[in-house]
Each structure stands twice: as C-alpha cells, then as structure tokens.
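I opened this notebook to keep a record of what I looked up in the model, entry by entry.

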Amino acid sequence: MNNWPSGTSTHTALRCTVSPSALSSSLSLVSRAVSPRSTLPVLSNVLLETEAEGLRVTATNLDLTISALVAATVLEEGRVTVPARLLAEYVASLDETTCTMEVDERTQMLRITSGVQKTNLHGIDAVEFPPLPARETAPAFEVDAAALQQAITQTAVAASGDEQTPVLTGVLLHVEGSELTLVATDRHRLAVKKLEAQVLTEGVVSGTVIVPARHLGELARAINPTRPRVGVAFSDARNQVFFTLRDMEISSRLIEGNYPNYTQVIPAHSTTTVVLSKELLLKSAKTAAVLARDASNPVRLRAGKGELELLAQSAEVGDHDAPLPAKVDGEDVQVAFNARYLLDALQAIDGEDAELSLNGPLQPAVVRALGRDDYLCVIMPVRVP
Amino acid sequence: MTTPIRLLPPQVADAIAAGEVVERPAAAVKELCENALDAGATRVDVDLEAGGLVRIVVADDGAGIPGDQLQLAVARHATSKLETVGDLARVRSLGFRGEALASIAAVSDVRITSRPPGEEGAWLLHSRAGEVLEHRAAARAPGTTVEVCDLFHNTPARLAFLRSERSESSAAVRAVSDLALTHPEVGFTCRSDDRLVLRSPGGSLIDTAAAVFGRDAGELIAVEGPGEIAVSGLISEPRSHRGSRTGLVIVINRRRVHNRALVVAVEEAYAGLLPVGRHPFGVVEVTLDPAMVDVNVHPTKREVRLREEGRVFTAVQHACWSALQEARLSLAGVRLPQLGGGAPDAAGGAEPELELREGPAGRPVELWPHPLREAAVREADGGESASITDREQAETAGHRLADLAPLRPLAQTSEGWLVAESPRGMVLVDPHAAHEKILYAELLAEGDAAIREGRAATSQLLLVDSVVSVGAAGVERLSESFAILAGLGFQLEPFGPGLVRCSAVPAAAAHLDPERLVRDLLDSLPAGGDAPARRRRLAALTACHAAVRLGARLDPREQLRLLERLVVTPGGLTCPHGRPTVIVLDARSLRRAFGRPTV
Ligand SMILES: Nc1ncnc2c1ncn2[C@@H]1O[C@H](COP(=O)(O)OP(=O)(O)OP(=O)(O)O)[C@@H](O)[C@H]1O
Ligand SMILES: [Mg+2]
Ligand SMILES: [Zn+2]
C-alpha cells in the first residue's frame with residue numbers, strides 16, 4: 001500500500017467518525033451480498049457513502065443488494081468503495097474507540113484511524129459501483145419481523161437447491177389482503193406458511209412473487225429485536241422486491257416463471273390421523289436418520305393400535321425400532337419417508353404435539369402442529385417394498 | 001511338416017469358402033506368418049516397408065519347402081495340410097485351404113527361398129503376378145524366406161481401397177502381435193521401415209504379452225479356467241484400459257479369432273470396474289474340442305462360429321471374473337519414494353508418489369473387487385446354468401473388502417479426502433467415489449430384488465411431477481429404456497409430443513432436480529447397446545449425480561456411515577468408472593517410506 005500523501009493540500013472526499021462495533025456488525029450483514037468470485041473488481045467492494053444520519057454501507061452482487069445505515073458523525077460528505085472483506089476484517093479487529101475514516105479523493109485511499117492505529121485501504125471510485133435498484137414507492141405492507149424470520153426458516157428448507165428449475169429455488173410470496181403466504185417446494189415436499197400482514201397503502205393489496213430462498217435467508221439473518229418490523233415493497237417493473245428494516249434495506253431480484261399450482265397437491269382429507277408428542281417423534285426420527293445425506297434408506301412409519309412405530313432398516317447398522325405412544329384415528333397404515341424431509345418438517349413446526357395426516361403408502365402426507373393451521377408441510381412418501 | 005504338397009480334389013476346394021484372402025498388406029503378413037508357424041518355426045522375423053505395400057519379408061527357421069514343391073506352393077488349392085473334407089472339421093493347423101500363397105503371388109512379385117533342414121542347399125522361386133519368372137538353386141540356412149514386393153501393383157482397384165500407409169502398417173504389426181500372443185513359444189521380431197516395433201522373446205505368455213502390450217500396460221492378470229472348455233490368458237488390470245477394443249485378443253484353439261460375443265464376455269467380467277467407454281486388453285485363450293468350432297465361415301478365417309456359444313461365453317466370463325476377483329489391488333500412480341536411490345522429487349521437483357505393494361506377510365492386502373454380477377451371463381446362457389450365484393459373489397466380495405473393516409474415520413482433509421484407519425493400515429478414501437459405488441451397487445441390487453419379487457423398485461415419489469422436454473427423438477430413445485429406468489426407481493412416461501413426465505426418482509437421487517437428471521440420462525444413453533450395459537450406465541450416472549461431491553464436508557457420523565457402507569459394498573474398492581475408492585497405506589509401506597526398519 002502506498003503511503004498516505006502528507007501535507008495540507010490533500011483534499012478529503014469523505015470524512016466521518018463511527019463506532020467500530022456498529023460498523024462491524026453492519027458490515028458482517030452487508031458483505032453477505034458480496035460475490036466471492038466476481039469478475040468485476042468493484043463488486044468485491046462495499047460502497048461507503050455519507051448521508052445526513054450517518055454512513056451508508058452497501059454491497060451488491062447485482063441479484064441481491066444489502067445496505068445498512070450506520071450511525072456516524074459526518075464531517076465531510078463523500079463516497080468511496082473499498083474491498084469488503086479487508087474492511088470488515090480490519091474493523092472487527094479494532095477496539096471500541098470511535099474511529100475516523102477519511103478518503104483522499106485523488107488516490108481513492110481510505111485511511112482509518114483508531115487511537116494510535118492507522119491503516120490505509122485502496123479504494124475504487126464510487127462512480128464505478130453499479131447503479132442500485134431504486135425503490136420507487138413506500139412499502140405496500142409490513143409484517144412482524146420475528147414472525148417473518150420464522151416463516152422464512154420454516155419454508156426455505158423445502159426449496160430446491162438445484163438451479164435447473166429456477167422457480168423452485170425460490171420461495172413464493174403471496175399477499176392477499178392482510179395475509180402473507182410463503183410457499184416452497186422441491187417437488188418432494190411442500191411447506192406453506194401464513195402470517196399476518198399490515199397493509200400500508202390504500203386499496204387492495206394482492207400479488208405473487210418468487211424470491212430466491214437464499215436471499216430470504218439473508219433477510220432472516222438480519223432480523224433481531226432491534227429491527228421489529230419488515231416493510232415490503234415492489235419495484236414498478238415488478239422485478240425487484242425491497243425489504244425495509246429500521247436501518248437496513250435488502251433488495252432482491254425476483255425469479256420469473258410459473259410456480260406449480262401448490263394448492264392442488266395439499267391433500268384435503270386423510271385416511272389416518274396420528275397425534276403424538278413432537279419431541280418424542282423428533283428424537284426417534286433423528287436416531288433413525290443416521291446419515292442425513294443417505295436418502296436411500298427411508299424411515300418407515302407404522303401407525304395403528306395407539307402407537308406409531310418408526311423403523312429404519314439398514315443392513316449395516318441393524319434395525320432401529322421405536323414404538324411411540326400416539327393417538328391414531330382411521331386406518332392402520334405403513335408408509336415410508338425420506339428421513340431428512342420428516343426431520344425438517346418436525347423441526348419446523350411449533351407446539352407440543354405433532355399431527356400427521358396420512359393417506360396410505362403412495363399418497364402425500366401432511367405434517368403440522370396440532371391445532372395450528374398457519375403452517376403445514378406436505379411430504380411425498382418413498383415407495384418401498 | 002514333411003507331408004508333400006498336393007492339389008486338393010476339386011470338391012474339397014469348393015467346400016472351402018471362396019473369396020479374396022488377401023485384401024490388405026496385413027492379411028498377407030498374417031498368412032505368411034501362419035505358414036511359418038505351421039512349418040514349426042521357432043523364430044519368425046518380419047520386415048515391412050511402407051506398411052507392407054512396398055515390401056514384406058517373412059523369414060522363419062521352420063520345415064522349409066523342398067525345391068521340387070515350390071511351384072506347387074504358389075498354386076491354388078495346393079496344401080500339405082489337409083486332404084479330405086472330413087479333415088476340415090478337425091483343423092488344427094492355421095492354414096488349410098492352400099490358397100494364401102497363390103492369392104498373394106497373383107497380386108505381387110514373390111520370391112520364396114526355402115531349405116528344408118535335411119537338404120544340402122536352398123531353392124528360390126521368383127514369380128510375378130502369378131507367373132513363374134525364375135526357379136533356381138540358392139543359398140540359405142534351413143527355413144523359408146518369403147519376400148513379397150509391389151503388392152497389388154496389378155490390381156489398382158484394390159490399392160485404391162487401402163487406408164493410409166500408417167494404418168496399414170499398424171494393422172500389419174497388429175497381425176504379427178496377435179500371432180506372437182497366440183504362439184508365445186515362438187520368437188517374433190517385426191520391423192517397420194527399419195524400426196524395431198516388436199520383439200517377443202519366444203517363451204512365456206507373460207513375456208510375450210509384456211512385449212506386445214508395452215510397459216505402460218501394468219501388471220497383467222493371469223486367467224485360468226480349466227475344464228472341457230479351458231480358458232487361459234492374461235488380461236489387463238482394471239486400472240489400465242484402452243479406448244478401443246482392438247487390444248483384446250481372443251484365441252480359440254490357438255487361432256486368433258474375432259468373435260463379438262466373447263469380447264462381450266470378457267468386458268462383462270469388468271462390469272463396473274472400467275470407466276464408461278473404456279475397454280480391457282489382453283489375450284484370452286479358449287481351448288476346446290475342435291468339433292465345436294467352425295472356422296470356415298470367412299475366407300480370411302477371421303470369424304469363427306461356435307457351437308454352444310453360450311457355454312463358451314459363460315466359461316470365458318467366469319474365468320475372467322474369477323481372475324479379477326483374485327487379483328490384488330495395485331494402485332495407479334501410487335509409488336513410495338525410493339529412499340535408497342535418487343528420490344523422485346529430486347529429479348523433477350515432482351511430488352513424491354506412493355506405491356502400495358505387499359502386506360506384512362508378503363501377501364497382497366489390496367484386493368481387486370469383484371465385479372457386480374449382472375444378469376448378462378444368465379441371459380446369454382439361457383437363464384439356467386449360470387455357474388456363480390449373486391449370493392456367492394456377494395459373500396466373496398464382502399469377505400475381501402471386509403479385510404478393511406472396521407474402517408474408522410479419523411479426519412477429512414481440506415480437499416475432501418477422508419483419512420481412516422483399518423486393521424490393514426491407514427486408508428485414504430475418496431468420498432465421492434465411495435458413495436458413488438455404494439449407490440450404484442444399491443441401485444442395481446434393489447432393481448434385481450424388485451424384478452425377482454415382481455414389484456416396483458424403491459423410489460421417492462414426486463409431489464409435483466416434472467415434465468421434461470426432450471424432443472420427439474429423445475422420447476423415442478428414452479422410452480426404449482423406460483423399463484430399465486423403472487428398475488432403478490424412475491417412473492417415466494411419454495407426455496405429449498416431445499415431452500416426458502417423471503413422477504418418481506430413485507430414493508437416493510431425491511435431492512436432485514429430476515429434469516436435469518432425466519436430461520443427463522438421455523445424453524448418456526448409448527445408441528443401441530445391450531440392455532444390461534445400458535442399465536449399468538444409467539445406474540452409474542444416477543449414482544454419480546447423487547453421490548456427495550469431493551469437496552463436501554461430512555460430519556464424523558456421516559463419515560463413519562459412509563465407510564461402514566463401503567466395506568459391505570460388492571466391488572467397493574473401485575467406483576463404477578474403475579477408479580479406486582480407497583488407498584491403503586499399510587504399516588510396512590509407511591515404514592519403508594519413512595526409512596524405518598520394517599518389522
Ligand atoms: N514358411 C513355410 N514353411 C514351410 N512350408 C510352407 C511355408 N509357406 C508355405 N508353405 C507350404 O506351402 C503350402 C501352401 O501355403 P498356403 O499358405 O498357400 O496354403 P495353406 O497354408 O496350406 O492354407 P491357407 O490358404 O489356409 O493358408 C502350405 O501348405 C505349405 O506346405
Ligand atoms: Mg497358409
Ligand atoms: Zn462420479
């Protein structure tokens with residue numbers, strides 16, 4: 001790194017003082033949008049720009065943009081981009097004493113001074129930073145952040161990891177009046193979550209978009225009690241979604257395409273209903289699924305006579321056989337599931353008791369918390385001998 | 001070979017398939033060498049110029065041709081080897097038609113110099129385009145030299161059909177190599193444009209095979225299958241393989257033959273051990289009652305018809321398969337640094353390589369797995385007499401691999417390899433290859449069980465069907481394999497023009513996008529090909545896609561589970577592409593590598 005040019009002739013383009021810990025926590029969230037290997041060097045950088053209330057930190061990989069406003073005392077306005085990882089690592093290492101950040105306009109060098117510690121980072125002119133998607137309108141509706149965070153974890157797990165069918169790598173967001181529905185499926189299972197939305201605009205809000213599950217994961221990561229509400233806005237062109245949090249904005253490109261008609265695959269009835277302690281079932285299912293990636297050994301469920309039996313057959317580890325007390329209504333049934341899907345579903349539901357609605361060995365089953373209809377998970381069985 | 005040469009009675013001559021014997025230089029080379037072998041030669045020296053087009057010289061130290069019979073030797077249907085039609089059924093000599101020399105002489109300039117061992121001097125016969133130009137006394141050590149110049153000079157049409165000089169030359173060399181392999185006791189040399197291209201010492205088959213297949217061929221595995229249909233030979237280790245089938249020499253009663261079924265029989269024995277599209281090489285010799293062979297199918301004697309081909313097929317497959325099972329796992333490119341001599345890394349700065357040799361007791365610890373048993377043998381054999389059952393095979397294989405059990409995971413390297421410990425020493429595992437082979441074996445085993453029990457194979461049903469657009473031709477090609485795919489757990493059906501609907505996938509492949517998987521399956525479907533081969537290929541592809549990637553992190557429980565499954569997987573020492581799944585670093589090798597005294 002070059003030495004900082006000395007002398008009074010130096011013109012500074014950005015100067016502010018900021019708390020390293022505040023900057024650091026924002027940077028750790030924002031830099032998640034930095035593409036690890038980008039051909040465009042400026043995309044490895046974060047954009048720092050002064051605003052009236054502080055310092056805005058933004059990163060983008062063109063699909064996902066995350067920005068956060070960090071409380072700062074702005075001494076001189078300006079913008080610059082600097083390597084995201086370097087900056088984040090350096091700031092994280094600083095003591096909790098206010099640091100000063102200043103940029104030399106000519107060299108685009110960022111100098112950070114913290115006590116006696118000084119460092120220089122090579123920047124790239126902010127004009128090279130790609131134009132960011134601009135939110136034209138105020139959020140259309142708002143949801144409770146903690147509820148949304150849970151909804152995302154409950155559904156994103158069922159999204160497909162394979163980019164081959166892009167719509168399935170996303171989570172469907174459907175808003176209808178004051179209800180927001182999140183849906184994800186990887187063709188084998190389907191997760192559906194409903195939560196309450198507070199409409200902020202005049203008139204009827206209704207619409208459906210598909211947001212990459214990965215991007216929603218970044219949103220969920222940013223949610224904590226200091227950010228209690230999440231506003232949702234769509235670009236006029238309907239190709240971007242914006243999530244606004246107290247001090248942050250996360251915007252994502254939307255996935256285009258037709259989402260499968262999910263309502264059609266949710267069975268309306270069941271031939272067997274099993275109610276039992278979620279904890280017991282979860283524990284048993286975990287034992288049965290020793291190797292999560294090992295999909296070729298499904299877990300078999302046998303329901304009947306006041307109990308549910310879990311069987312994991314694999315010649316190598318021996319049989320695992322665990323009858324659990326259960327309330328069984330309807331026909332006795334034996335059905336097999338991919339252990340991972342069953343585990344994911346059970347982990348996603350709330351409440352003490354789980355309710356399994358089964359439809360024989362070849363038809364979809366529904367897993368939900370007893371007495372709750374805000375979340376359900378449909379699982380397709382494995383056909384076994 | 002002192003039987004005089006006589007003209008065959010016309011009806012005998014007619015009984016012999018008509019047609020051109022010599023269609024390219026390689027064919028002339030083969031005929032001349034065969035004559036030398038029939039004459040009991042112990043050495044045959046071949047010299048080629050321009051792939052044999054300009055000049056072919058074959059010299060031997062055999063029985064020779066008496067001067068007064070030289071003219072007869074180049075006459076059509078003159079042979080010393082056969083006299084009645086009945087003899088034809090019991091052919092043991094390579095030549096029997098009395099046609100080769102005459103055919104060659106008709107299209108070239110031939111000089112035969114020959115001296116039977118008992119005679120004082122040699123005689124030379126010079127003919128051009130079938131016409132005798134000269135017949136005189138000459139000098140030569142006992143034996144025969146046939147020099148053929150200007151082959152096809154008078155048949156431009158034939159000349160036009162020849163391929164490049166290079167390919168003619170390699171075909172000619174291959175003809176000599178084939179004979180060297182079928183007659184390992186005879187010493188052969190072959191020069192092409194003054195370059196020595198083959199020198200087989202004349203002795204054991206191993207030495208000959210080493211000369212023919214070259215040093216890079218690795219160690220060849222001996223095949224031994226005694227019996228009424230005796231099978232012997234040397235075949236390549238699964239880790240060395242070739243891009244074409246030409247390296248596999250099939251010999252029946254000492255005659256190199258081209259028999260597609262037997263090539264398949266050998267390849268079947270390698271099922272699951274070789275990469276797709278790669279082929280084994282070596283020589284597989286079948287000895288049986290000559291009455292079971294009809295060699296007179298093709299004028300160049302290249303193809304033979306076998307009575308009871310199914311039995312021969314099974315015998316060949318069984319023998320090769322057992323040989324592969326017995327052979328040890330020697331690992332490609334794994335070489336311990338030579339600590340006494342120059343260290344390999346001193347030379348080129350290359351990474352030291354590791355080599356695995358023998359176990360503590362001097363016995364091999366690394367064993368070749370056993371190929372997965374396929375229905376192919378049973379099918380080829382009419383279903384009844386398959387001599388090895390799945391069960392036997394699984395047990396043998398399990399026992400072999402069990403030498404590494406219990407396999408305890410120790411760590412995973414940053415690149416993704418697993419480091420494990422076994423009673424036989426430290427073991428490095430390729431998790432992808434291992435998982436791939438486990439899934440491959442499971443897919444095939446489950447498919448077999450499903451067929452046996454008359455039920456559908458285990459599969460993950462789809463909640464949302466996948467409709468794959470593959471085009472009309474794609475639908476056509478896929479539908480030929482629907483039944484095979486169903487046996488692996490796929491449920492596919494035509495769904496409108498150019499579309500296929502997938503409503504179930506193998507449970508092991510549940511995490512994959514069915515659309516991509518179906519497309520990849522279609523891409524890898526070989527054009528035509530027999531059903532068992534197609535099935536293995538589709539299973540291998542599915543397993544490859546479904547298996548963990550090399551870089552993926554596995555938690556200790558997953559590692560343990562993977563290793564536990566591997567040690568009970570038939571043929572688990574190699575992946576379906578033939579690469580090793582494990583590398584065993586036994587105590588002795590490690591001690592040697594570290595320069596410590598071996599205990
Ligand atoms: N190198 C040789 N040494 C001794 N005798 C030979 C040699 N080459 C040819 N002969 C004699 O010449 C005869 C004719 O040879 P030719 O190859 O034309 O016929 P063949 O070997 O009997 O039958 P085929 O046409 O099937 O090869 C042989 O039967 C053999 O007696
Ligand atoms: Mg001959
Ligand atoms: Zn693979």
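Entry 1, chain B as a whole. I began with the contacts in chain B between residues at least 6 apart in sequence, and found that 69% of them join residues at least 24 apart. The model is a predicted one, and I read every value below with that in mind. For chain B I counted 20 helices and 24 strands, and I noted that buried residues make up 48% of its 599 residues.

I then took helix 7 of chain B, residues 165–182, and asked whether it is mostly covered or mostly open. It is mostly covered, since 14 of its 18 residues are buried, a residue being buried if 20 or more other C-beta atoms lie within 10 Å of its own. I also checked its length: at 1.5 Å a residue its 18 residues should span 26 Å, and because its end C-alpha atoms are 26 Å apart, the two values agree.

In chain B I looked up an open sheet of 5 strands, which has the order 11-12-15-13-14 and mixed pairing. Which strands stand at its edges? They are strand 11 (220–225) and strand 14 (255–257) of chain B, and each has a single partner strand, so one side of each is left without a neighbour in the sheet. From one strand to the next the twist averages 20°. Within the sheet, strand 13 (residues 248–252) and strand 15 (residues 282–287) of chain B are paired in the parallel sense over 5 bridges, and I252(B) has V286(B), in strand 15 of chain B, as its bridge partner.

Two helices that pack on this sheet were worth a note of their own. Helix 8 of chain B, residues 205–213, touches strand 11, strand 12 (230–236) and strand 15 of chain B, and its direction makes about 40° with that of strand 12 of chain B. Helix 9 of chain B, residues 260–269, touches strand 12, strand 13 and strand 15 of chain B, and its direction makes about 120° with that of strand 13 of chain B.

Strand 3 of chain B, residues 55–60, pairs in the antiparallel sense with strand 2 of chain B, residues 43–49, over 6 bridges, one pair of bridge partners being E49(B) and R55(B). These two strands form a hairpin with 5 residues between them, and A50(B) in the turn has a positive phi of about 50°. Strand 3 of chain B also pairs in the antiparallel sense with strand 8 (residues 143–149) of chain B, over 6 bridges, and there A59(B) stands opposite T145(B).

Most residues other than glycine have a negative phi, and most peptide bonds are trans. I therefore listed the exceptions, for the reason that most residues other than glycine have a negative phi. Phi of L62(A) is near 80°; L62(A) lies in the loop between strand 3 (54–60) and strand 4 (64–76) of chain A, and with 14 C-beta neighbours inside 10 Å it counts as partly exposed. Phi of E308(B) is near 55°, and this residue is in the loop between strand 17 (305–306) and helix 10 (309–326) of chain B. Is E308(B) buried or exposed? With 12 C-beta neighbours inside 10 Å, E308(B) counts as exposed. The peptide bond from A405(B) to P406(B) is cis, with omega near -5°, and P406(B) is found in the loop between helix 13 (390–401) and strand 18 (408–412) of chain B.

I found 26 residues around ligand 1, the closest being N35(B), A39(B), T79(B), G95(B) and A100(B). Helix 2 (25–38), strand 4 (78–79) and helix 5 (100–106) of chain B are the elements that give two or more residues to this shell, and helix 2 of chain B gives the most, with 4 residues. By class, the shell has 12 nonpolar, 8 polar and 6 charged residues.

Finally I turned to the interface, where 29 residues of chain A are in contact with 30 residues of chain B. On the side of chain A that touches chain B, strand 12 (189–196) and strand 27 (382–383) of chain A each supply at least two residues, and by class this side has 15 nonpolar, 7 polar and 7 charged residues. Strand 27 of chain A runs antiparallel to strand 21 (residues 459–469) of chain B and is joined to it by 2 bridges; R383(A) has S459(B) as its bridge partner.

Notes:
Residues numbered from 1 in each chain as written. Chains lettered and ligands numbered in written order. Predicted model: local features only at pLDDT ≥ 70, side-chain atom pairs only at ≥ 80, totals over all residues. Contact = placed C-beta atoms within 7 Å. Nonpolar A, V, L, I, M, F, W, Y, C, P; charged D, E, K, R; others polar. Pairing = 2+ DSSP bridges. Near = placed C-beta within 6 Å. Axes fitted to C-alpha atoms, helices over the stretch in contact; angles between N-to-C directions. Expected span 1.5 Å × (residues − 1).
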